[in-house]
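Dear colleague,

Here is the model I said I would pass on. My notes follow below it.

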Amino acid sequence: MRNKRSAARLSEPDAAGNGLIDRRIFLGTGAAAAAAIGSIVSPHTAMGADPLPVAPWMRVPGSPFVGYGQPSRFEDKVGRISASPPNAPGTGAARTPLHRLDGMITPNGLHFERSHSGIPDIDPDAHRLVIHGLVKRPLVFTLDALVRYPIESRIAFIECGGNSRLLYQQDPAPVNVQALHGLLSCAEWTGVRLSTVLDEAGVEPAAKWLVAEGADAAGMSRSVPLAKAMEDALIALYQNGERVRPSNGYPMRLLLPGYEGNMQVKWLRRIKVTEGPTMTKDETSKYTMLLPDEKSLQFVFPIEAKSQITQPSPGLTMQGPGLYEISGLAWSGYGTITRVEVSADGGKSWATAALQHPVLPKALTRFRMAWRWNGGPSILQSRATDDTGYVQPTRAELITRRGINAYYHFNGVTSWAVGESGEVKHVYA
Amino acid sequence: MSTRDCVLATAAIVGIGSSAAVADSPNLGRVAAPEEIASWDISVDPDGAGLPVGSGTPKQGEAVYAAKCVACHGEKGAGKPNDPLVGGRGTLASGQDPIKTIGSFWPYATTIFDYVRRAMPLNESKTLTNDEVYAVTAYLLYLNGIIGESTALDAQTLPRVKMPNSDGFVPFSRGK
């Protein structure tokens, strides 16, 4: 988070209560900025300051080239956090540090991971993909064969169906955005359309589903509607330009844009075309939402429209009153984000945020809003709308419908309370 | 211009995420013989399709459980340090802390066989024989009071086991 102009008073029009301002104030163009020009004062005219030093790294040559680059050693706090059950160190999840990133793309080393029995060390030359079941010709593919097919890219978010589940709890978890919402990432995925290899195998008319299976020790498997497979599914071979990382399915994973992450089977080794769903462990005992009437919703596939503010957020303490940029992420598994609204007064008033281009379907969308923090208590919220007209609900609305035991697919509004000290906390509001 | 170049050129015009039609395919998939892929075809449908030859009883399964499962899932499936496999009936109602086990939650008995065969025991998955998987499935169903102590399970009887929560699932529709 950047403190833009500490304590500079601008005569800008408010966009919503408690200091939200039209973001054009930052851009130097548009009515808001034009109205403000002339009233900007320079608050930091230094008197008697020492000359700026010439740093040591300007005096000697820097380090030589390396084969595969790494982030600056000063960025060593930027990492995933993970948790595993007892006896199973490779089982569990590692979360993306959303509060330390900007833009819409997640670096490959920080993409979230969810694994059910560790990360397999797959020799790509020995890996095979089998397509069988209700097809005219069961087929086996090598990786070398697949890379010769027409290749496409999709910039797509992947979110674990269990992301944000702590917000179902009765009391707000005192943790940061990474711990709450970090099972969310976005990458450019590049590979072969699944429909291409299904067409080559020749899908039988009775087929309505398929079951996709990974080559990990858990043989993770999920049923997928055939319609989705034919619509926009990819066998992803590349992630942000390089081969898919082992933690994300090397040498190939299923990509189902907009669907819950668990279905986007990593280490893809087998697709069996079927008439109905296979009712695997992860589509019955897990990834189903238990409701107050004791029924569980099954086959909850696309992620509903959702958003959260990443800066400021817990752990990023405000540096005194002044002008700040509020920034966050919005996404929908049903389509494209059309609007994100931000509130600084706990939802009493809302202002429309700027959406950073490109704004793509089923991808993370970065939004930005200007805020003059007056130093007083504030509650920051964001809510997203997608091109189906769906508006992200409040937490209370979601809990009223689903109760507190639904566990999966929480997409209600998140609230950050900013205290007078500048500390930011997760609250329910 | 090759087919691939045509597709790429079309994709470039339409942009990332385009749905450029693939008119032809390199056809590089090798036709697989049934016996070649039989060992990979480990998914089991709720109607029992995919279940192998073999059988097992709760008593046989008790021995398998003691050797392979108890360290993680506790005595008689009570759980700890990992997931409980037994109990929890009646905990799904609103206002309770739900305990989701095979007995209280899982809708299909076939899923137990499918999952145990592919994923358990955690540190040596796919090492149980089909008879052992049937047996440990039978033992877990017996511990949950779903089948009798002497019921043998096989490819015919397992799909017919009625699970307590088999009517507990409804397909999602938007807005829920």
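From its N terminus, chain B reads α-β-α-β-α-α-α-α-β-β, that is, 6 helices and 4 strands (DSSP runs numbered from the N terminus, H or I of at least four residues for helices, E of at least two for strands). Of its 176 residues, 36% are buried (20 or more other C-beta atoms within 10 Å of the residue's own, with C-beta atoms placed from the backbone).

This is a predicted model, in which local features need pLDDT of at least 70 and side-chain atom pairs pLDDT 80 or more, while totals for chains, interfaces and linings use all residues. Residues are numbered from 1 along each chain as its sequence is written, with chains lettered from A and ligands numbered from 1 in the order written.

In chain A, strand β24 (residues 378–386) is largely enclosed by the rest of the structure, because 7 of its 9 residues are buried. Strand β20 (residues 337–343) runs antiparallel to β24(A), joined by 6 bridges (pairing takes at least two DSSP bridges); here R339(A) is partnered with T385(A). β24(A) also pairs with strand β25 (residues 415–418), again antiparallel, over 4 bridges, and Q381(A) has S415(A) as its bridge partner.

The largest nonpolar core has 101 residues (buried Ala, Val, Leu, Ile, Met, Phe, Trp, Tyr and Cys joined through C-beta atoms within 7 Å). Among those with the most contacts inside it are L20(A), I131(A) and W371(A). Strand β19 (residues 322–331) of chain A gives the most to this core, 6 residues. Apart from it lies another core of 34 residues, including V44(B) and Y142(B).

Regards

How values were computed: Buried ≥ 20, exposed ≤ 12 C-beta atoms within 10 Å, placed from the backbone.
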